[in-house]
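Subject: Handover of a structure and notes on it

Dear colleague,

Please find the structure below, with its sequence. I would be grateful if you would read the notes beside it.

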Amino acid sequence: MKLRLGIILREDWHLMTIFKTFYSLQLKTKSIWQDNLDKLESKILECEDDSFILASEVFLTGFAYQKMMEAHEFGLIATKKLQELSINKTIVITMIEKEGRQYVNKLKVFSKGRIAYTQAKAKLFPLGNEHLHFKEGSTKNIKTFMIDGILCAALNCFEIRFIELWQQIRGAKVIFVPAAWGKTRKIHFQTLTRALAIANQSFVIASSCAGAEYAKGSSIITPYGIMYKNDSKEIIQAQINLTEADKMRVHIDTGIPRT
């Protein structure tokens, strides 16, 4: 019998089966930032309560290298709105944020009306000259975190190319991958996110921009490597049985603990 919170007891597996709906947003960033925030709000409101929602990297402003202070200030407005929208949902997005005299590309996890976790991008993309505009975060701060009793982690775009970071977040049941991935390297994005799900026996929620120069390729990927994706949609959705990650870790034991 399915309960209101989406939890049922499966006696045959001797585990509490937790169903969670995941959403990957695949939206185009426009030049008017308030339009982007309004669009994001409308899409979040379409998502059901008690879900995980991921937006693409710096969706609200783009990289805005010539307007970094303005992007930071707009991020403060967006942060307040996203706190309101996250009362009954978990929302993950990255924003430009000022730290001292420098700026970082900061991932924020909003849950239960608050900022539950933050992580500055530690691997900056040299072809995009990110290192000339952002302060690099510390790889030591890329770690697992708990949301709704679920062990989670995040890798921001270029960071998924570094296998040592996959090892660093082993054990996470859900991995968020916000991205602004270039169109010419789309196959890399799809291959790496799928491999991450299989290697870490985790669910991966990947969101990339929908602009003309970007790859799209947003998806929700199971530990078995099954991908839910559709480049023609703005919202990719899947209802997930989270205990499938535990089953995989038991049946194909690679040393990753059940969580």
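The notes below treat one serine and then several salt bridges.

This is a predicted model, in which local features need pLDDT of at least 70 and side-chain atom pairs count only at pLDDT 80 or more, while totals for chains, interfaces and linings use all residues. Residues are numbered from 1 along each chain as its sequence is written, and side-chain values use heavy atoms, with hydrogens and water left out.

Ser 218

Ser 218 is found in the loop that runs between strand S10 (203–208) and strand S11 (219–221). Helices (H or I, at least four residues) and strands (E, at least two) are DSSP runs, numbered from the N terminus. Ser 218 counts as buried because its relative accessibility is 0%; buried means under 20% relative accessible area, exposed over 50%, and partly exposed in between (1.4 Å probe, protein chains only). Its side chain reaches the backbone nitrogen of Ser 208 at 2.8 Å. Leaving aside residues up to four places away in sequence, Ser 218 touches several others, among them Ser 24, Leu 25, Tyr 228 and Ile 236; contact here means heavy atoms within 4.5 Å.

Salt bridges

How many salt bridges does a search of the whole structure find? The search gives 17, a salt bridge being a side-chain nitrogen of Lys or Arg within 4 Å of a carboxyl oxygen of Asp or Glu.

One of them joins Glu 234 and Lys 39, whose closest N and O atoms are 3.1 Å apart. This pair links distant parts of the chain, 195 residues apart: Glu 234 is in the loop between strand S12 (227–229) and strand S13 (235–241), and Lys 39 is in helix H1 (residues 33–46). Glu 234 is partly exposed, at a relative accessible area of 30%, and Lys 39 is partly exposed at 30%.

Another salt bridge connects Glu 84 with Lys 81 (3.4 Å, N to O). Both residues lie in helix H2 (residues 68–85), three residues apart, which is about one turn of the helix. Glu 84 is partly exposed at 45% relative accessibility, and Lys 81 is partly exposed at 25%.

A further salt bridge holds Lys 173 and Asp 246, with the closest N and O atoms 2.9 Å apart. Lys 173 lies in the loop between helix H3 (163–168) and strand S9 (174–179) and Asp 246 in helix H5 (residues 243–251), so the pair ties together parts 73 residues apart in sequence. Lys 173 is buried at 7% relative accessibility, and Asp 246 is buried at 4% relative accessible area.

Yours sincerely

Note on methods. A polar contact is a pair of N or O atoms within 3.5 Å; within protein, one must be able to donate a hydrogen and the other to accept it, and residues adjacent in sequence count only if both atoms are side-chain atoms.
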